[in-house]
Amino acid sequence: MEFASVIALLKALQPYVPLALMGFSKAKAIVDWGTTTVQKAVAEGRGISNDEWREWNQLTREIHEAIQAS
Amino acid sequence: MKTIILAAALALGLSGCALFEGETAEHDVFGVGIAYAAVGTAALEYTTLPRCSDTQPAPCSEQAAVDHIKNLDNVAYNALKAAQQAAMADSTSLAAQRAAANAFAAVLAMEQALLGFGVIEEPIAETAAEESV
């Protein structure tokens, strides 16, 4: 399986966000934040920072825990 | 339910054909995590509905479907964390790339379940991904 570039993927998704996520601001915010973060890291020629991983960890953990608790 | 369909479809771009190499496994894992979060958000919209019963009309969620989604969520989340560890250890290693691909596959499996249960209806973002290249 080939692997998608994260930036290309998120760019591909962005045009659909306003249309797709009317009233779904949380998911829109997630995609927007992920796009911005990865683009910035790549543009600066660096990896994901500790602060960015911390936010990512919190985001994914909260969703995981909420699904398991539902 | 419309928002569920549309929001989850965002992450379905991961299953599209517009694939090319990411910068490093670290960036890829980060992106897979974002997709997981988007799919998970859609899944949550379904799993937090009241369970269907004789006295609970639609919109409601089927217990069997919720159980299946929870199992797939566990697999995806664990694969994601394993991929994160591998990428942070050596983002250029084959092991990190494989772990990222495993996590990617697990997120796709979660999406497929949402499609199968009718939580989402079509992978519209797949088209978006194809058109973007």
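This is a predicted model: local features need pLDDT of at least 70, side-chain atom pairs count only at pLDDT 80 or more; totals for chains, interfaces and linings use all residues.
Colleague: Happy to dig in! Which residue forms a salt bridge with A:K40?

Modeller: A salt bridge needs a side-chain nitrogen of Lys or Arg within 4 Å of a carboxyl oxygen of Asp or Glu. For A:K40, the closest N and O atoms of the pair are 3.5 Å apart. The partner is A:E44.

Colleague: And how far apart are the closest N and O atoms of A:E44 and A:R46?

Modeller: A:E44 is partly exposed, with a relative accessible area of 44%, and A:R46 is partly exposed too, at 24%. These two form a salt bridge. Their closest N and O atoms are separated by 2.6 Å.

Colleague: Nice. Is A:E52 buried or exposed?

Modeller: A:E52 forms a salt bridge with A:R46, with 3.1 Å between the closest N and O atoms. The relative accessible area of A:E52 is 10%, and the cut-off for burial is under 20%. So A:E52 counts as buried.

Colleague: Over to chain B: which side chain of opposite charge is nearest to B:K70?

Modeller: B:K70 is found in helix α3 (residues 63-89) of chain B. Beyond its neighbours within four places in sequence, B:K70 is in contact with A:I67, A:Q68 and A:S70. B:K70 is buried yet has no salt bridge. At 5.2 Å, the nearest side chain of opposite charge is B:D67.

Colleague: Good to know! Why does B:D54 count as exposed?

Modeller: B:D54 lies in the loop between α2 (25-47) and α3 of chain B. Exposed means over 50% relative accessible area. B:D54 counts as exposed because its relative accessibility is 86%.

Colleague: Which element of chain B has the lowest mean pLDDT?

Modeller: Chain B averages a pLDDT of 77, and 74% of the residues score at least 70. Among the elements of chain B, α3(B) has the highest mean pLDDT, at 96. The lowest mean, 34, belongs to helix α5 (residues 124-131).

Colleague: How many contacts beyond four places in sequence does the model have for residues 123-133 of chain B?

Modeller: Where pLDDT is low, the coordinates should not be read in detail. Over residues 123-133 of chain B, pLDDT stays under 50. For contacts beyond four places in sequence, the model's count in this stretch is 24.

Key: Residues are numbered from 1 along each chain as its sequence is written. Chains are lettered from A and ligands numbered from 1 in the order in which they are written. Side-chain values use heavy atoms; hydrogens and water are left out. Helices (H or I, at least four residues) and strands (E, at least two) are DSSP runs, numbered from the N terminus. Buried means under 20% relative accessible area, exposed over 50%, partly exposed in between (1.4 Å probe, protein chains only). Lys and Arg count as positive and Asp and Glu as negative; His and the chain ends are not counted. Contact means heavy atoms within 4.5 Å. pLDDT is the predictor's confidence in each residue, from 0 to 100.
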